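Dear colleague,

Please find below the structure that I am handing over to you, together with its sequence. My findings follow directly after it.

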Amino acid sequence: MEIKFEAVSNETCQLYCNLGIKAYKEHYLHLWKNNDPTPYIEESFTTEVVRHELKDKSSSLWLIYQANKAVGILKLIKDAPIAPNISKETVFLEKIYILNKYSGTGIGSLALGWVEKYCLNSNKHLLWLETMQKGPALNFYLKNGYEILKEKQLKSEQVLEKQKPMYVLMKKV
């Protein structure tokens with residue numbers, strides 16, 4: 001299987017928003033009170049937010065394509081320190097959302113491999129992310145070589161209390 005990555009532009013930011021919203025809702029509605037992720041959607045997937053992120057030199061937004069069809073998104077942040085005592089030579093994988101129809105097909109693992117190459121090409125040697133303590137994402141990341149660094153809690157009052165525990169994971173590349 002071949003997948004391709006395209007940097008998000010002002011012209012494709014609406015596609016990025018639409019894909020992000022759809023994939024997020026397919027996978028994460030259960031986290032939210034009344035299954036309503038509106039606070040997260042509004043801070044992550046409006047064209048205004050995305051156009052602002054595109055101006056940030058440390059942010060990198062990507063569309064994931066398989067067979068010329070957009071199937072997911074990535075958001076990377078360079079030099080985001082994972083902890084005060086860990087070097088800024090890091091990349092934070094803030095978002096990786098793949099449409100449910102394409103989950104389990106290997107696209108996620110291929111995307112993680114691409115992100116690792118992105119890190120190396122950017123002379124970054126530590127990749128990190130945050131994931132829920134419950135659910136299939138944790139096992140996916142562990143199978144792909146990530147290690148649990150520490151625990152954290154989601155801060156949003158709209159997230160169900162039992163869904164707030166998260167892990168910070170890292171991988172040396």
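Is Lys-124 buried or exposed? With a relative accessible area of 11%, Lys-124 is buried (buried means under 20% relative accessible area, exposed over 50%, and partly exposed in between, with a 1.4 Å probe and protein chains only).

Please note that this is a predicted model, in which local features need pLDDT of at least 70 and side-chain atom pairs count only at pLDDT 80 or more, whereas totals for chains, interfaces and linings use all residues. Residues are numbered from 1 along each chain as its sequence is written, and side-chain values use heavy atoms, with hydrogens and water left out.

Salt bridges

The structure holds seven salt bridges (a side-chain nitrogen of Lys or Arg within 4 Å of a carboxyl oxygen of Asp or Glu). In one of them, Asp-79 pairs with Lys-124, and their closest N and O atoms are 2.4 Å apart. Asp-79 belongs to the loop between strand S3 (69-78) and S4, and Lys-124 to the loop between H4 and S5, so this pair ties together parts that are 45 residues apart in sequence. Helices (H or I, at least four residues) and strands (E, at least two) are DSSP runs, numbered from the N terminus.

Glu-116 and Lys-171 form another salt bridge, at 2.7 Å from N to O. This pair links helix H4 with strand S7, 55 residues apart. Lys-171 is buried, its relative accessible area being 16%.

Helix H5

In helix H5 (residues 136-143), the buried residues are Ala-137, Leu-138 and Tyr-141. Seen down the axis of H5, they fall within an arc of 100 degrees, so they line one face of the helix; the arc is that of the directions from the helix axis to the C-beta atoms. The face turned away from this buried side carries the exposed residues Pro-136 and Lys-143. Just after H5, Gly-145 takes a positive phi of about 90 degrees.

Nonpolar cores

The largest nonpolar core has 49 residues, and Tyr-141 is among those that touch the most other members, as are Tyr-16, Phe-45, Ile-64, Leu-74 and Leu-93. Such a core is a set of buried Ala, Val, Leu, Ile, Met, Phe, Trp, Tyr and Cys residues joined through side-chain atoms within 4.5 Å. Apart from it lies another core, of nine residues, including Ile-82 and Trp-128.

Yours sincerely
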